[in-house]
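Open the structure in your viewer and keep the selection tool ready. We will go stop by stop.

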Amino acid sequence: MDLFDKFKIWVLLVCLISQLGHGFYLPGSYPHKHGIGDALSVKVNSLTSIETEIPYSYYSMPFCKPQEGVKDSAENLGELLMGDRIENSPYRFKMHTNETDIFLCKTSPLSADEFKTLKKRIDEMYQVNLILDNLPAIRYTQKETYLLRWTGYPLGAKVQDAYYVFNHLKFTVLVHKYEETNVARVMGTGDAAEMIPTVGSPVSDIPGYMVVGFEVIPCSVRHNAESVKNLKMYGKYPNEISCDPGAVGMAVEEGDSVAFTYEVSFVESDIKWPSRWDAYLKMEGAKVHWFSILNSLMVITFLAGIVFVILLRTVRRDLTRYEELDKEAQAQMNEELSGWKLVVADVFRAPTNASLLCVMVGDGVQILGMAVVTILFAALGFMSPASRGTLVTGMLFSYMILGIAAGYVAVRLWRTIGCGEKTGWASVSWKAACFFPGIAFLILTTLNFLLWGSHSTGAIPFSLFVILILLWFCISVPLTMVGGYFGAKAPHIEYPVRTNQIPREIPVQKYPSWLLVLGAGTLPFGTLFIELFFIMSSIWMGRVYYVFGFLFIVLILLVVVCAEVSLVLTYMHLCVEDWKWWWKSFFASGSVAIYIFLYSVNYLVFDLKSLSGPVSATLYLGYSLFMVLAIMLATGTVGFLSSFWFVHYLFSSVKLD
């Protein structure tokens with residue numbers, strides 16, 4: 001291991017340790033022992049809706065505010081980028097202490113603007129998201145024979161042109177008795193329990209409990225105005241409150257005040273702390289998910305095998321026939337050569353816009369490496385849904401570190417195309433550092449202005465913009481330049497054949513070659529379109545995505561199929577004497593992005609039919625465009641590198657001079 005490799009490992013370790021110690025930390029990410037009567041604090045997240053996909057602050061609505069004032073909780077970079085705004089709330093519990101009829105507050109009379117906004121949010125089906133010990137509040141509803149699970153609860157309901165607000169919450173907190181042996185199993189070894197922060201002595205006889213479930217039932221209750229007139233926060237409501245989730249009673253009008261109350265009950269559960277997220281992961285359709293993924297993998301593996309066999313047999317037959325000819329037959333054949341052998345003097349001719357190709361391939365390597373690292377770590381459990389924001393934060397930091405790979409590949413490919421020429425490597429490195437991030441910055445900034453105009457919490461704050469720009473120019477760009485420097489020092493790849501000065505004329509084709517290139521993306525699309533549905537549902541429908549193991553397998557299959565499809569098309573183009581294979585090999589597999597974008601439009605029209613407003617549709621299409629651009633660069637890079645290896649191997653395996 002040389003000095004540079006050691007340096008990269010140390011940089012990675014420092015980044016991971018700093019993130020684990022600060023950015024990745026969220027309360028509840030490790031077992032917390034609570035004694036009977038200990039205070040439990042409920043936190044609130046942004047209001048969300050699948051109708052608009054625009055999150056808003058919890059306190060943008062007329063809710064009760066905590067006595068100590070609204071305070072932001074610890075947030076990491078990923079949470080801010082995802083639009084999460086976690087704040088404290090006035091809801092207070094005491095461990096294992098049931099309480100009923102707790103008065104919270106009475107709001108000021110609703111102004112015309114507040115009432116209009118409240119009605120609009122109810123019409124748009126906004127959900128209130130509460131969090132206890134890092135567990136989102138979950139709501140169960142019965143639909144025919146199915147028990148549906150939802151995170152959060154609706155802000156209110158509209159019944160016969162009247163608007164009702166859910167102003168009474170019935171909480172159920174599931175707790176499990178604290179067990180040292182149970183906690184030890186969380187970390188995987190019996191000795192690890194000593195490393196877990198605990199409250200009190202591990203041998204204490206005082207019973208302690210861990211929160212393993214958080215359920216909520218919202219109700220709309222009409223409170224007596226005189227009864228709450230002199231009540232203070234956390235006072236006892238004078239009358240018994242009947243919570244019927246099937247009935248509504250608190251209709252709101254302009255000028256009305258809303259009184260909020262709640263009750264909480266604690267239930268001991270057999271659920272253990274490592275399994276407390278199972279309720280959130282067992283969403284409906286799991287069987288269809290597993291069956292569809294398995295079926296897709298089988299079909300794609302079969303198709304990829306056919307492609308590989310056809311390719312192997314075709315190339316081997318051409319090579320064998322050529323090598324078995326005697327010298328006299330070879331001389332005769334040289335006059336009647338056909339197929340890929342005719343383009344021997346042009347196959348390695350530099351493509352048009354060579355620097356752009358090098359930059360796109362370098363960025364594609366960076367994006368693909370980021371995807372592999374992130375999905376692998378997520379599959380191993382390091383980025384579970386229990387730690388909000390860690391997935392996005394991990395993607396961002398792995399992308400920046402892999403700038404070394406982007407600079408190295410882009411510059412080395414540039415030197416290979418230029419037959420060892422070193423001049424211009426700094427320019428190529430700089431372009432690789434700015435090409436994809438620059439386009440992403442332009443798209444996300446445009447979308448951010450839309451969110452700013454909507455006063456949404458999804459808008460990235462200006463301070464975070466500054467942080468992202470500093471990360472880009474202080475970490476990503478220097479690392480890409482370092483990679484380019486080592487790419488300039490590395491030996492370029494020698495071509496096995498010489499290139500003539502005068503390019504060979506390409507025969508007229510019966511059909512446009514780009515038509516076949518664009519159609520080639522259908523096979524890679526077939527490997528991921530089912531998984532794509534669940535990813536889209538996770539992003540836009542508020543579902544929890546957790547099958548990263550399957551996603552990693554699908555990613556591997558996608559890489560294999562992209563390589564084979566591009567390789568086959570490159571061979572077909574060489575057989576018809578078309579030596580301009582460079583860009584076509586990139587877009588043969590990269591064209592899968594076109595079908596993904598069309599699928600995104602289809603998902604918007606048929607699955608997100610309720611998505612309302614031009615701002616929501618623009619946000620959806622903007623984020624989809626950003627996603628397909630990254631996929632195009634990653635898949636196109638796989639196709640180009642496999643084709644480059646194939647062409648180099650093909651023309652170095654047989655003597656043509």
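## Stop one: a buried ring pair

Select Tyr-571. Its relative accessible area is 7%, so Tyr-571 is buried, as the cut-off is under 20%. Bear in mind that this is a predicted model.

By the ring-centre rule, the count comes to 42 aromatic pairs. In the pair of Tyr-571 and Phe-646, the ring centres are 6.1 Å apart and the planes stand at 75 degrees, so the pair is edge-to-face. This pair links distant parts of the chain: Tyr-571 is in helix H15 (residues 548–575) and Phe-646 is in helix H18 (residues 614–652), 75 residues apart.

Select Trp-430, Phe-441, Phe-449, Trp-452, Phe-465, Trp-472 and Phe-473. They form one aromatic cluster.

Next, show Arg-121 with Tyr-56. The charged end of Arg-121 sits over the Tyr-56 ring, 3.8 Å from its centre. Then try Arg-349, which lies over the face of Trp-579, 5.6 Å from the ring centre.

## Stop three: strand S15

Select residues 259–268, strand S15. Is S15 largely enclosed or open? Seven of its 10 residues are buried, so S15 is largely enclosed by the rest of the structure.

Find Lys-106 opposite Ala-259.

## Last stop: the surface

Select Val-373, Leu-376, Phe-377, Leu-380 and Phe-382. Together they make a nonpolar surface patch of about 450 Å². Leu-376 belongs to helix H8 (residues 354–379), and at 34% relative accessibility Leu-376 counts as partly exposed.

Notes: Residues numbered from 1 in each chain as written. Predicted model: local features only at pLDDT ≥ 70, side-chain atom pairs only at ≥ 80, totals over all residues. Heavy atoms only, no water. Patch = residues over 30% accessible without salt bridge, like charges linked within 9 Å, V, L, I, M, F, W, Y side chains within 5 Å. Areas by Shrake-Rupley, 256 points an atom, 1.4 Å probe, with all protein chains shown as cover. Salt bridge = Lys/Arg side-chain N within 4 Å of Asp/Glu carboxyl O. Helix = DSSP H or I, 4+ residues; strand = E, 2+ residues; numbered from the N terminus. Buried < 20%, exposed > 50% of the residue type's maximum accessible area, 1.4 Å probe, protein only. Pairing = 2+ DSSP bridges. Phe/Tyr/Trp six-rings, centres within 6.5 Å; stacked < 30°, edge-to-face > 60°. Lys NZ or Arg CZ within 6 Å of the ring centre and 35° of its normal.
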